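Reader: Hi! I'm new to this one, could you walk me through it?
Author: Happy to, let's have a look together.

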Amino acid sequence: MTFGFTPSPAADPASRLGRILQPSEWAAAGIPLLRNPREVVTGLHSRHLPSPSTAVVAVLDPDERLTASASFVRHGAAAADGWEFRNALLAQLRRVIPHDLRRRTPIRTAVLLYCREGESRWTEEDGAWMWGLRDACTLHGLRCGAYITLTRDGWQVFGEGRGGRRPHSASLRTALGVAVKGDDDAKALPRSRSGARQALSHSAAV
């Protein structure tokens, strides 16, 4: 997996495992709860149409409105490492939104939706994304928000026990801005004024 960054300072398995958060660690980290996770998930899904191995990082304002988002694909089959994921997430955040490091207290929150194959249960790859998200948020002056997976079983917010069957990793791709109809009606997030979606190596930002 290559994101254009230097390798992590220690690539041995023990160090890599140190850059993975266990579910219990994530649950104890005080991650702010999403008021309407279904709306966030369906909105990001309709904007970025993620396929397996796609990560969508989004920044929400205090009212849980979407401020910016970007998606990118994890390439290769290398072992999951939070260091690599942190670098990739930080690069995307820097591309789509200025940092908030001058604020004493973060007011915006970054959330991560990761679409992957396999079962919905926690994996080491999820733990590495959690570690990467937390570290990237610290370095960009943001609050660390929810980590959400999208699998064939549906979506779930780790540490909250909330989820749904639609959308899922094999959902039909819907037009941007169109609500996904599934087990319950769900509205997509409001589109930005520009309404534009830019693509670069399956990367998008709003």
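Reader: Which residues do ring pairs link into a cluster?
Author: Phe-72, Phe-85, Tyr-114 and Trp-129 are the ones joined that way. Keep in mind that this is a predicted model.

Reader: And how many aromatic pairs are there?
Author: The count is four. In one of them, the ring centres of Phe-72 and Trp-129 are 6.1 Å apart with the planes at 55°, so this pair is tilted. Phe-72 sits in strand β2 and Trp-129 in helix α5, so the pair ties together parts that are 57 residues apart in sequence.

Reader: Is Trp-129 buried or exposed?
Author: Trp-129 is buried, at a relative accessible area of 0%. Tyr-114 also pairs with Trp-129: their centres are 5.0 Å apart and their planes at 45°, so that pair is tilted. Tyr-114 belongs to strand β3, and 15 residues separate it from Trp-129. Tyr-114 is buried as well.

Reader: Switching topic, what does strand β1 pair with?
Author: β1 pairs with β2 in the antiparallel sense over seven bridges, and seven bridges also join β1 to β3, again antiparallel. Take Val-56: its bridge partner is Ser-71 in β2 and Leu-113 in β3.

Reader: How many residues of β1 are buried?
Author: Seven of its seven. Thr-54, Val-56, Ala-58 and Leu-60 point one way, while Ala-55, Val-57 and Val-59 point the other.

Reader: What lies between β1 and β2?
Author: Five residues, as the two strands form a hairpin. In the turn, Glu-64 has a positive phi of about 65°.

Methods: Residues numbered from 1 in each chain as written. Predicted model: local features only at pLDDT ≥ 70, side-chain atom pairs only at ≥ 80, totals over all residues. Heavy atoms only, no water. Buried < 20%, exposed > 50% of the residue type's maximum accessible area, 1.4 Å probe, protein only. Helix = DSSP H or I, 4+ residues; strand = E, 2+ residues; numbered from the N terminus. Pairing = 2+ DSSP bridges. Phe/Tyr/Trp six-rings, centres within 6.5 Å; stacked < 30°, edge-to-face > 60°.
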